[in-house]
Amino acid sequence: QVQLVESGGGLVQAGGSLRLSCQASGIIFALNTMGWYRQAPGKQRELVATIATGGSTNYADSVKGRFTISRDNAKNTVYLQMNSLKPEDTAVFYCNARGPTGLGGIDYWGKGTLVTVSS
């Protein structure tokens, strides 16, 4: 059974920092591209950042220079360090694991963790 469990969300003032973690189980973590997505109230879910199996990263323009995604394959964990947070970053953040294309490229999702940034 695949599980992605996010942690680290909470309430922070604008300009502050948070570090999200996502612990994965039930998948071969090292073979999965890991990502963070977010969904703000009344908006669609959007990509925040991804990190491929080889470590290459991709960021939404809105978070470049402020957020950093990283992974620890030994701990089956992906992180999202968020600095200089803005009220518009308020959202539920979801962890995503995407399997290898050759094995179907299956997507798995966590249940999300709420990040609230106050002005």
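Is Arg98 buried, partly exposed or exposed? In this predicted model, Arg98 has a relative accessibility of 38% and therefore counts as partly exposed. Its salt-bridge partner is Asp107, with a nitrogen and an oxygen of the two side chains 2.8 Å apart. Asp107, at 32% relative accessibility, is likewise classed as partly exposed.

Let me begin with the charged pairs. Side chains of opposite charge can pair when their charged atoms come close. How many salt bridges does the structure hold? There are five.

Another salt bridge joins Asp89 and Arg66, and here the closest N and O atoms lie 2.7 Å apart. This pair connects distant parts of the chain, as its two residues are separated by 23 positions. Asp89 belongs to the loop between strand S8 (77-82) and strand S9 (91-98), whereas Arg66 belongs to the loop between strand S6 (57-59) and strand S7 (67-72). Is Asp89 buried or exposed? With a relative accessibility of 1%, Asp89 counts as buried. Arg66 is also buried, at 10%, since the limit for that class is under 20%.

Which backbone oxygens lie 2.9 Å from a polar atom of the Arg66 side chain? One belongs to Ser62, and another belongs to Ser84. Leaving aside residues up to four places away in sequence, Arg66 touches Gln81, Met82, Asn83, Ser84, Leu85, Lys86 and Asp89.

Ser84 itself sits in the loop between S8 and S9. Its relative accessibility is 42%, so Ser84 counts as partly exposed. Its phi is near 50°, a positive value in a residue other than glycine. As background, most residues other than glycine have a negative phi.

I turn now to strand S8. How many of the six residues of S8 are buried? Five are, and the strand is thus mostly covered. Which strands pair with S8? Strand S3, residues 18-25, pairs with S8 in the antiparallel sense over six bridges. Within that pairing, Cys22 stands opposite Val78 of S8. Strand S7 also runs antiparallel to S8, and six bridges join the two. Here Asp72 faces Thr77, a residue of S8.

S7 and S8 form a hairpin with four residues between the strands. Asn76 is found in this loop, and its phi is positive, near 50°. Is Asn76 buried, partly exposed or exposed? Asn76 counts as partly exposed, because its relative accessibility is 23%.

Arg66 is buried, it forms a salt bridge with Asp89, and it touches residues including Met82 and Ser84. Thank you for your attention.

Note on methods: Residues numbered from 1 in each chain as written. Predicted model: local features only at pLDDT ≥ 70, side-chain atom pairs only at ≥ 80, totals over all residues. Heavy atoms only, no water. Salt bridge = Lys/Arg side-chain N within 4 Å of Asp/Glu carboxyl O. Buried < 20%, exposed > 50% of the residue type's maximum accessible area, 1.4 Å probe, protein only. Pairing = 2+ DSSP bridges. Polar contact = N/O pair within 3.5 Å; in protein donor to acceptor, adjacent residues only side chain to side chain. Contact = heavy atoms within 4.5 Å.
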